[in-house]
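The notes follow in the order in which I checked them.

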Amino acid sequence: VTNISISNVEINALSLAILYISSPLPYIYSHQYLTIFHFHSILVMDRSQVEIEERGLGASPYGLLLKALTLIPSWHYFLASVILSLVFLYNFLEFHFLRDLFSGFRGHPVCLTYNPCSVIYDAVVSKCRVLRGRYCATPWLSSPHVQTVFLNFNGRPPVFSYRRQLFYTSDGGTIALDWLMKCDVSGAALHMNSSISRNETTPIMVVVPGLTSDSSSAYLKHLAFNTAKHGWNVVISNHRGLGGVSITSDCFYNAGWTEDVRVVINHLHKEYPKAPLFAVGTSIGANILVKYLGEDGENVPVAGAVAICSPWDLLIGDRFICRRLVQKLYDRALTIGLQGYAQLHQPLYSRLANWEGIKKSRSIRDFDCHATCLVGKFETVDTYYRRCSSASYVGNVSIPLLCISALDDPVCTREAIPWDECRANKNIVLATTKHGGHLGFFEGITASGLWWVRATVEFLDVLHSSPYMHVQKKMQNSGPHSALDSTIDQGPYVNIAEDGMVAAMCNEQNKDDSIEEISELLNIHYEKDNKMVSDAKQDERSTKAKDDSFPVIADTTKHATSVQDANPLDVISPIRRCLDLLSRQNRCSIWLLAYIAIITSWPLVGSAVSVVFKKKLRYVLPAAFFRKHSAK
């Protein structure tokens with residue numbers, strides 16, 4: 001009995017056990033062994049608890065916690081880590097699978113932004129079932145990041161071959177034009193060697209790729225194949241130095257370089273004047289396309305255009321891509337692509353840019369600082385971004401333009417979308433989807449198609465069959481103009497030189513136009529004068545040949561003299577018209593100069609006048625005026 005400590009619970013348990021065993025009831029006998037086992041377990045648990053309490057009087061609570069955690073099976077920890085990782089990745093990669101599941105994978109409607117008076121929306125977009133429908137992403141690609149990565153590493157592009165054409169620019173550059181004819185995808189082997197005739201009326205789609213992309217990119221193959229299968233001819237205008245073509249001049253492309261697009265489109269319009277041209281730009285190519293359309297306004301031979309996932313404002317995009325960790329991954333990936341592009345043309349970059357800085361670049365901004373700004377002659381990176389952003393050119397777009405962007409685009413942020421500018425322009429319709437990623441927009445269970453490709457083909461097809469295709473107007477000057485041009489740039493403005501001289505200057509374009517008009521008038525007049533003099537001399541020679549009599553010679557001389565007397569009058573009249581034209585154009589300049597002269601010289605002239613005429617006006621003006629003036 002000694003050295004044995006039994007608690008009250010144990011005593012009560014033993015008493016109950018003896019009572020149950022000694023009970024005469026038959027059902028107790030049948031369960032006595034079970035009851036004894038139950039109370040024995042209670043005794044054992046109570047003893048273990050007492051031992052733990054006695055041993056743990058001097059132990060740490062953290063030690064007890066760790067000892068308790070070691071009792072949990074290891075597969076429980078593995079399962080918890082998997083669940084936490086899935087939750088983190090679901091939020092980090094912005095998955096929306098559960099929301100799509102709860103909505104029955106119905107997708108989300110496409111949001112359309114347009115001007116209330118837009119004829120393009122009423123006559124074209126309203127007839128497009130894809131744009132007026134809903135977009136549902138592929139369930140196993142229900143993330144903008146997964147869609148973007150899958151497009152660049154796989155994309156499931158169709159298999160076909162392009163036809164290569166090399167186009168040489170005036171500065172010595174080389175551009176690779178990759179063609180895909182409608183007959184190339186029709187399966188007719190007899191037409192494989194056919195070419196486009198000059199009188200061809202089949203529409204041509206000109207595609208401007210994105211940054212470091214060429215005709216071999218998966219999304220461009222999707223677009224080209226579906227468009228050619230629809231019965232159109234497609235040509236992809238690769239950027240300089242891409243598509244397997246070397247750079248043959250000191251000119252490189254950048255995010256705002258529109259000259260290549262301009263010369264290629266003008267060349268195609270000249271070669272195939274009866275074929276309507278449509279343009280499609282993707283990513284950086286969309287920024288270049290919109291900027292080109294805004295620069296040239298109505299003087300473009302493009303019937304309609306589509307801009308896919310445009311960055312719009314490069315300065316905002318630069319701030320966005322450095323904001324979060326996932327965006328920094330895209331920034332680094334794009335920088336590696338740019339460094340690979342520079343590696344292909346290392347001799348030129350080593351001579352024109354900072355090659356050591358290019359190799360050490362860790363972001364797109366670093367690459368633009370060491371390469372793009374030096375080659376493109378931009379003062380700073382921010383200057384390059386401001387000048388090459390297409391958002392400021394949206395208001396000048398004068399052709400039907402469809403813009404497609406995803407609100408969850410991980411590369412081109414929704415913050416840069418010019419909502420108000422697109423709504424103010426009657427020629428633009430902006431279509432935004434809730435999901436889609438950057439150039440992804442996969443749809444279907446197998447992700448075999450891109451939604452934006454179907455929307456583009458349908459929009460351009462409806463536009464082609466409508467009477468609202470843009471037709472280029474004949475204009476005298478086809479050079480690019482800035483989107484910041486306004487009425488203040490069209491009229492005379494003040495130029496302040498370094499020495500302080502103030503002069504009124506007119507718009508250079510208007511000045512060139514007036515000079516051209518004057519030269520044309522003078523040329524026409526001189527041609528008429530020369531013709532009149534030659535006719536007079538010819539008449540004189542014929543008269544002399546017929547008859548050498550004096551009266552006839554006198555008459556002929558009189559006729560020639562009268563013609564010569566009339567020439568000065570004819571010379572003066574066009575000069576007067578030219579002077580009148582110049583006076584009409586510079587009338588505002590003359591009045592502006594007079595106003596500036598009066599305002600700037602009045603303090604000095606007024607003081608001189610007051611000093612000179614003070615004594616003479618003393619007896620004319622009242623004395624109070626001079627007292628007040630002296631007090632001041």
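I call a residue buried under 20% relative accessible area, exposed over 50%, and partly exposed in between (1.4 Å probe, protein chains only). The model is predicted, so I keep to its thresholds: local features need pLDDT of at least 70, side-chain atom pairs count only at pLDDT 80 or more, and totals for chains, interfaces and linings use all residues. Residues are numbered from 1 along each chain as its sequence is written, and side-chain values use heavy atoms, with hydrogens and water left out.

Entry one, the surface. I looked up L66, which lies in helix α4 (helices are DSSP runs of H or I, at least four residues, and strands are E runs of at least two, numbered from the N terminus), and noted that L66 is exposed at a relative accessible area of 55%.

Entry two, the rings. I found 19 aromatic pairs in the structure, where rings of Phe, Tyr and Trp (its six-membered ring) pair if their centres lie within 6.5 Å, with planes under 30 degrees apart counted as stacked, over 60 as edge-to-face and the rest as tilted. F160 and Y162 are edge-to-face, with ring centres 5.0 Å apart and planes at 80 degrees; F160 counts as buried at 15% relative accessibility, whereas Y162 is partly exposed at 21%.

I then turned to F252 and Y349, a tilted pair at 4.5 Å centre to centre and 45 degrees between the planes. F252 lies in the loop between β7 (233-237) and α10 (259-271) and Y349 in helix α14 (residues 346-352), so the pair ties together parts that are 97 residues apart in sequence.
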